[in-house]
Structures are given as C-alpha cells and as structure tokens.
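Student: I want to learn to read aromatic pairs and a ligand site. Can you take me through them?

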Amino acid sequence: MNLVIIGTGYVGLVTGTCFSETGNRVVCVDIDKAKVAKLSAGQVTIYEPGLEKIFLRNLKEERLCFTSALASVVNEAEVIFLALPTPPGADGAADLKYVLGVAEELGKLLKDYKVIVNKSTVPVGTADKVRAAIAKNYKGEFDVVSNPEFLREGVAVEDFMKPDRVVIGTTSERAKKLMSELYAPYVRQGNPIIFMDERSSELTKYAANSFLAMKISFMNEIAHLCEKMGADVDMMRRGIGSDERIGKRFLFSGIGYGGSCFPKDVQALIKSADEFNYDFKILKAVEQVNANQKVHLVEKIKSFYQGNIKGKRFALWGLAFKPNTDDIREAPALLMIQSLLQEGATVTAYDPEAMPNVQQELGNTINYAQSQYQALEGADALLIATEWSEFRTPDFERIGQLLSSKLIFDGRNLFDLIKMRSMGYHYISIGRAN
Ligand SMILES: NC(=O)c1ccc[n+]([C@@H]2O[C@H](COP(=O)([O-])OP(=O)(O)OC[C@H]3O[C@@H](n4cnc5c(N)ncnc54)[C@H](O)[C@@H]3O)[C@@H](O)[C@H]2O)c1
C-alpha cells in the first residue's frame, strides 16, 4: 500500500518505519527541514531500541523516504496518517492547530478518495473537525478515521510490530477494509483489531493513559502512607500485584510520571470533561498527586540537610523521563534540577541517551559527565531519577570511594535496603524505611 505519514517525531517515525517493514511504500513528511535532511541521510533522529536497523534496511530498499513537500507526494497515497503534535494549550486542552492546519492543507491538495487517519492523541469530536477542515476546500470523497497509537517509548518498535490491540474508529466500510488490510501483518498472532465509532476510539486513548496515570498516582499515595506508617511499598506492591484483577504492571512508586503523554493527556481529559459539564474528580487528584510527587525526593534531600543545600554538589543518574528513550519532555529529573539549582546546589548529571536534549534545554547550568562514575567525583550524594538498566547493579565500592559520603537518594527504588545498610550506605528511597 502507498502511505504518507505527516509528522515524523516519536510516533510518526516509528509508524512510518514499521509500516515500511511489511512492504508498504511509505513517505514521511515533516516541516522540520533539518530533520528531513538527517533522516534522508540515514540518521535516526530519536533514540528507540531496534529502530535504526529496520529504518536503514527500508531506506536502502527505497520503501521509506522523507520529504517536506507534502503537495508533491500526497496524491500518491491511499492512506494518509496524521502523527502531529497535540500539546496542551494555555487552558490545558489539547491544541489542535497542527492537526487542523494540516487537514485544511490536505483539503487544498486532494484529488481523489483517501483515508485520512488520525494517530495523534485528540479530544472527542476531532474527527468531525478534521472532516470539516478538509471539506472546506475539497468536495470529493474521503474518510476520516481515528486510530490512536498505544506504543510506549523505549519499546515502541516491538509495540508497533506486535500490538496488544489496534483500535480503529470509523463507520465507513471502505475505510474499515483498507485499515484491516494494512494492519493484518501486525495482528497475525490473533491480537484484536477493535472497530468502533470515532468518538469511542478518541476517548479510548485518553482513558487508557489516564487509567495508567491513576495507577501510578495511587501507588505514590500508598508510598506516602508507607513512609508514615513504617510499611514497605515494594513488599506491598508484590502483595497486591499478584492479584490478577490488579495486575503487576504500573505499580511502581517513584518520583511521578512524566513524558510527552501522561501529563498532557490527563490534563486534556480533565479539560474535555469540563467542556461537557463533567467534573472528573479522580483525574484532578491524579494530577495533583503527581505534581507533589515530582518534588518529593527534593524534599527528602532538603530535610536530610536540615533545609540548607547551598553549596552541595549532587551527582544525578538519569535525565530521560523513563529508561530506553532520549525523551525529556516533562521529565521529573528536570524539575528536580531546577529546585536544586534554585537552592544553591550544583548538579553533575549522567544519562546514557538524553544528555544532548538536556544540554539544548539547560545549557551549562549543570555539568555533564562522560560516565555514571565520572558524575560521582567529589559529589556529596548520588541522586537517581531514571531506572536505566546500567544503574541497577552498579559497583558500590567504587561509588563509595568517589562520593564524599556514602549517601544515595533513590527516586526509583532500585536497590535492596538490607544490602545497602550492610555496605554502610545511608540510602533514602520512596515508600520504604531510610
Ligand atoms: N510519543 C509517544 O510516546 C506517543 C504515544 C502515543 C501517542 N502519541 C501522540 O502522537 C502525537 C505525536 O506525538 P510525538 O511524540 O510523535 O510528537 P513529536 O513532537 O515527537 O513529533 C511531531 C512531529 O510533527 C512535525 N510537524 C509539526 N507540524 C507539522 C506540519 N504542519 N507538517 C508536517 N510535520 C509537522 C514536527 O516537526 C515533529 O517532527 C501526539 O498527539 C501524541 O500525544 C505520542
């Protein structure tokens, strides 16, 4: 099938690459000309495990290419995907200017029947708005389909190639048939393609992310209780997670959720609900708990130093909002850095992939280390903000030698309390005894 993907960020690039992997001809379009030039030259613009190999293979086979010239490629496509940003506007609602702007542009370009598929996360009713924006200038036949994306950064290729489910919102039989054909190679193991109306499909994405965010905030509240009551959140997590109705995943307490999706999607669903005169109480609490949790570790640090961290030097392991990505959007580490700097401390950070992105945002307000151990040299304490695998079983003897005291503040509960105590560490984590 001939496909055009508009927007070549985390979702668009993975979508385009993975569709080309099953033999489709894919043209990815982006307004960012520098990005298009890099991708065309064989340089993957995001860090995503497994992506580079299939990207290079399909680029070489000429099944995958990149351009900024939408007008010259759009009519070759049978299906056009929108993978455009939907950032929060000033009031928290999803800003649809990118999606509707492109839809209007498409209306001026289309010459015959196309399926326009919205992969961006958008509020209920957006399919109707996209349809109206196209129809302003195009009177021919077309269908607008909602196909929310559930990939997780860090395992995005695997998620795309073997999705738990594919959700497709459309009532058009013609569009349904095309979408079924397109996704057939990805659901061969029997995972379902779930067809529904557009509104239900649009809401499914927000409901999924909000539910997961709610699990995290719930566990973070339980962690606060554990700290007050002398219980251990990790033991409790195992205790409840083995109940199939609850499930083992998304039960880790820490320093709050971040990333480009949960914060903005929770906010957007609250706002959407408001617009429909519904006060979504649970979600408002989820958001508030998360905002507090992002500063919880800094509060522990300040309390350890009796409120004064001026002149302290901290080593920080982890900047990305989660492991296996270079994405730093809404990363808790960045908020931590901001608070520490404000209080007069200095920070030397290390992250396997996210340092270039942080450097673009924070410049030289912090120091960047070449390795996790270099970050420790002369620091007063180690702080952990992201659970990269390489941080899980570090050389504790070396850490002890490099730090000025054996002190670790762990926002991800990576280490065993008894082991840390036996090695003489002062180890402060979340929802467990100090
Ligand atoms: N990142 C994720 O993990 C994830 C997962 C599921 C869904 N989503 C949703 O997918 C959408 C895209 O997210 P993302 O993380 O890929 O965003 P992104 O910011 O990484 O990428 C968006 C891309 O669109 C390009 N763009 C902007 N305006 C354009 C235009 N007029 N024409 C062509 N290209 C244009 C930008 O240059 C950028 O490369 C959002 O709605 C997001 O909520 C994201």
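Tutor: We start with ring pairs, then charges over rings, then the ligand. Keep in mind that this is a predicted model.

Student: What describes a pair of aromatic rings?

Tutor: The distance of the centres and the angle of the planes. Here, a search of the whole structure finds 22 aromatic pairs. Take Phe304 and Tyr305. Their ring centres are 5.0 Å apart and their planes meet at 85 degrees, so this pair is edge-to-face. Planes over 60 degrees apart count that way.

Student: Is Tyr305 buried or exposed?

Tutor: Tyr305 counts as buried, because its relative accessibility is 13%. The cut-off for buried is under 20%. Phe304 has 30% relative accessibility, so Phe304 counts as partly exposed.

Student: What is the geometry of the pair formed by Trp317 and Tyr373?

Tutor: Trp317 and Tyr373 are edge-to-face, with 6.1 Å from centre to centre and 85 degrees between the planes. Trp317 is in strand E9 (residues 313–317). Tyr373 is in the loop between strand E11 (367–368) and strand E12 (381–384). The pair therefore ties together parts that are 56 residues apart in sequence. Both Trp317 and Tyr373 are buried.

Student: Which residues do ring pairs link into a cluster?

Tutor: Phe19, Phe81, Phe160, Tyr183 and Tyr186.

Student: Which charged residue lies over the face of Tyr373?

Tutor: Arg398 does, at 4.1 Å from the ring centre. Elsewhere, Lys176 lies over the face of Phe195, 5.6 Å from the ring centre.

Student: Now the ligand. Which residues come nearest?

Tutor: Asp30, Lys35, Thr86, Glu153 and Lys264, out of 27 residues around the ligand. That shell divides into 12 nonpolar, seven polar and eight charged residues.

Student: How far is Lys35 from an oxygen atom of the ligand?

Tutor: A polar side-chain atom of Lys35 is 2.6 Å from that oxygen. Tyr10 uses its backbone: a polar backbone atom lies 3.1 Å from a ligand oxygen. For Ser260, a polar side-chain atom is 3.4 Å from a nitrogen atom of the ligand.

Student: How much of the ligand's accessible area does the protein cover?

Tutor: The protein covers 89% of the 830 Å² that the ligand has on its own.

Student: Which elements give two or more residues to the shell?

Tutor: Helix H1 (10–21) and helix H5 (97–109).

Note on methods:
Residues numbered from 1 in each chain as written. Predicted model: local features only at pLDDT ≥ 70, side-chain atom pairs only at ≥ 80, totals over all residues. Heavy atoms only, no water. Phe/Tyr/Trp six-rings, centres within 6.5 Å; stacked < 30°, edge-to-face > 60°. Buried < 20%, exposed > 50% of the residue type's maximum accessible area, 1.4 Å probe, protein only. Helix = DSSP H or I, 4+ residues; strand = E, 2+ residues; numbered from the N terminus. Lys NZ or Arg CZ within 6 Å of the ring centre and 35° of its normal. Near = heavy atom within 4 Å. Polar contact = N/O pair within 3.5 Å; in protein donor to acceptor, adjacent residues only side chain to side chain. Areas by Shrake-Rupley, 256 points an atom, 1.4 Å probe, with all protein chains shown as cover. Nonpolar A, V, L, I, M, F, W, Y, C, P; charged D, E, K, R; others polar.
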